[in-house]
Amino acid sequence: MIYMVLNKKKIFLIIALGFLLSIFQIYNNLDKYDKNLVDPNGTAYHQMIKADPYNYLNHGSEIKKQLKEGKNFFETGKEHFSKYLPARIAALYYYITNNELHDSTNKNKINLNIHFGYLFFQSLFYFLSLVLLFYSLNKSYSNEICFYLILFLSFEPTINQYHASFWSESYLFTLIIVLTSLILKSNFKITTFLLIGIFLGLVTLQKEYAIFYIIAVITYFILFNRKKIYKSIFFICCGFTIILTLLGYNNYKRSGSFYILTATSKLSLLTHLVRPVINNKDNLSGSEFYENYEGDAAKKWLEENSISYSEKILDNNDIKGPNEYRSAITNEKDKTRYDEYFFKRTLNYFYNYPIEFGIHILKKSIHFTLLNPFHIYSDNNFISGEVYYYSEVHDKLIKYRVLYTLFIYLICLIGLITLVREKNYKLLFFISSSILFFFLPISWIGNTRNFVPCLIFISFLFSFGLNEIFKMFKSR
């Protein structure tokens with residue numbers, strides 16, 4: 001009993017230290033990078049809030065303004081081209097604090113010294129989720145396994161760098177950890193299954209391709225929880241359906257069209273996969289396929305279907321490809337039809353050139369697994385990822401990333417061997433199926449940031465591997 005109390009104290013100390021380190025990182029990043037700068041073209045930008053983070057916060061600011069004006073929640077916002085939840089989280093923060101993202105005297109500048117609370121709470125929720133994870137696992141796994149698991153999740157830099165940034169990953173990790181805590185509990189109630197479904201839905205709102213993860217979770221319960229199989233499937237689906245229905249209803253009230261999948265889930269295949277493969281196959285220039293082939297196809301489809309679109313919006317873009325034509329479409333219902341058209345075009349490309357796409361996906365998937373503890377550092381110090389990738393800093397950091405990745409994966413390999421030897425097929429299935437469902441839908445892009453959610457599940461392999469290593473040293 002005394003040993004258990006001491007072990008809990010060690011766990012809570014680790015979590016507390018991880019949280020304090022995260023707060024220090026938040027303070028340090030804001031102190032250095034909470035600044036408005038001007039790029040070589042004379043355009044203002046914020047060092048930390050740019051690209052996707054700017055889109056999330058800007059959309060959230062618009063939603064907050066609409067709510068303050070008395071607009072119904074389900075009618076607020078604009079089309080969710082990408083993730084649904086990040087903008088809503090930002091809107092909640094701005095609404096509670098009554099802050100404005102943009103400077104009232106200069107809309108091109110972002111207000112400074114207003115976002116410490118935003119980053120503080122996303123970090124706080126993450127470390128509270130680790131407390132929940134510990135309480136869910138401490139009855140089923142040894143004290144050592146729980147200790148190494150919490151240690152990894154509290155301090156692993158690839159994960160923890162995002163708590164001090166405006167990217168959407170931190171809340172995604174929190175939702176995944178809460179969901180994992182519910183799935184791996186030692187006992188279940190009906191409310192547990194309902195909560196699993198709800199958090200599956202919330203994970204989907206935070207990362208749209210996670211909509212398929214419910215397949216892995218239901219399969220897990222079919223294989224390892226046969227006594228309550230029908231109850232588990234029914235209530236998981238109920239919780240999941242509740243969240244997605246709210247999403248679809250919001251889209252319906254705002255646009256008149258009930259839909260769940262965002263446009264990015266359909267058009268990303270064309271822009272990030274088809275475009276480089278066809279460019280390489282036909283030896284085309286960077287924008288030739290995108291603008292001349294697909295851009296012309298977009299214009300033709302709009303004209304043949306008598307779709308209303310804004311010429312003014314098109315004129316503001318130097319390149320006129322599928323995304324630019326889509327942004328010019330006036331009616332959101334027409335945009336969903338447009339997305340379906342290009343999704344079918346994408347499938348035709350896959351059918352016609354399977355070998356070329358297979359080779360490209362394999363290369364990108366291998367690069368996808370390379371860990372990058374320096375992403376937020378480079379994001380804060382370079383105006384864009386494209387500039388960073390061609391810099392000397394990127395080349396210098398690659399060797400450290402490779403060594404760190406090999407170190408982590410070596411320990412995880414030992415953990416994998418240990419689980420196989422112990423015939424712990426239940427945990428093995430959960431880990432492997434979870435990694436696959438967070439890997440396969442997005443690995444073809446090759447962006448290592450999108451691999452980080454897999455580290456939440458890989459942390460189990462790491463904890464078993466590290467425990468095995470220390471056991472070997474003790475035996476000697």
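Contact here means heavy atoms within 4.5 Å. Leaving aside neighbours within four places in sequence, Gln206 is in contact with Lys83, Leu85, Pro86, Ile89, Ser168, Tyr171, Leu172 and Leu175. Gln206 lies in helix H8; helices (H or I, at least four residues) and strands (E, at least two) are DSSP runs, numbered from the N terminus. At 1% relative accessibility, Gln206 counts as buried. The scale behind that word runs as follows: buried means under 20% relative accessible area, exposed over 50%, and partly exposed in between (1.4 Å probe, protein chains only).

The model is a predicted one, in which local features need pLDDT of at least 70 and side-chain atom pairs count only at pLDDT 80 or more, while totals for chains, interfaces and linings use all residues. Residues are numbered from 1 along each chain as its sequence is written, and side-chain values use heavy atoms, with hydrogens and water left out.

Val217 has its place in helix H9, and its relative accessibility of 2% makes it count as buried. Apart from neighbours within four places in sequence, Val217 is in contact with Ile183, Ile196, Leu200 and Ile236. Between Val217 and Ile236 there are 9.1 Å in space, C-alpha to C-alpha, and the two are 19 residues apart in sequence.

Charged side chains come next. Side chains of opposite charge can pair when their charged atoms come close. The structure holds 12 salt bridges, a salt bridge being a side-chain nitrogen of Lys or Arg within 4 Å of a carboxyl oxygen of Asp or Glu. In one of them, the side chains of Lys64 and Glu100 meet at 2.5 Å, N to O. This pair links distant parts of the chain, 36 residues apart: Lys64 is in helix H2 (residues 51-68), and Glu100 is in the loop between helix H3 (85-97) and strand E3 (102-103). Lys64 is buried, with a relative accessible area of 2%, whereas Glu100 is partly exposed, at 40%.

Another salt bridge joins Lys207 and Glu169, whose closest N and O atoms are 3.5 Å apart. Lys207 lies in the loop between helix H8 (190-206) and helix H9 (213-224), and Glu169 lies in helix H7 (residues 169-183), so the pair ties together parts that are 38 residues apart in sequence. Both Lys207 and Glu169 are buried. In a further case, Asp339 forms a salt bridge with Arg326, with 2.7 Å between the closest N and O atoms. Here too distant parts of the chain are linked, with Asp339 in helix H15 (residues 332-352) and Arg326 in helix H14 (residues 322-328), 13 residues apart. Asp339 is buried, with a relative accessible area of 3%, and Arg326 is buried as well, at 2%. Salt bridges that share partners also join Glu169, Lys207 and Arg449 into one network.

A pair of aromatic rings is described by the distance of the centres and the angle of the planes. Rings of Phe, Tyr and Trp (its six-membered ring) pair if their centres lie within 6.5 Å; planes under 30 degrees apart count as stacked, over 60 as edge-to-face and the rest as tilted. A search of the whole structure finds 46 aromatic pairs. Among them, Phe73 and Phe74 have ring centres 5.3 Å apart and planes at 80°, so the pair is edge-to-face. Phe73 is partly exposed at 38% relative accessibility, and Phe74 is partly exposed at 23%. The rings of Phe350 and Phe357 are also edge-to-face, with centres 4.8 Å apart and planes at 80°. Phe350 is partly exposed, with a relative accessible area of 23%, but Phe357 is buried, at 4%. One aromatic cluster includes Phe188, Tyr209, Phe221 and Phe457.

Charges can meet rings too. A charge sits over a ring if NZ of Lys or CZ of Arg is within 6 Å of the ring centre and within 35 degrees of the ring normal. The charged end of Arg88 sits over the ring of Phe73, 4.9 Å from its centre, and that of Lys68 sits over the ring of Tyr95, 4.4 Å from its centre.
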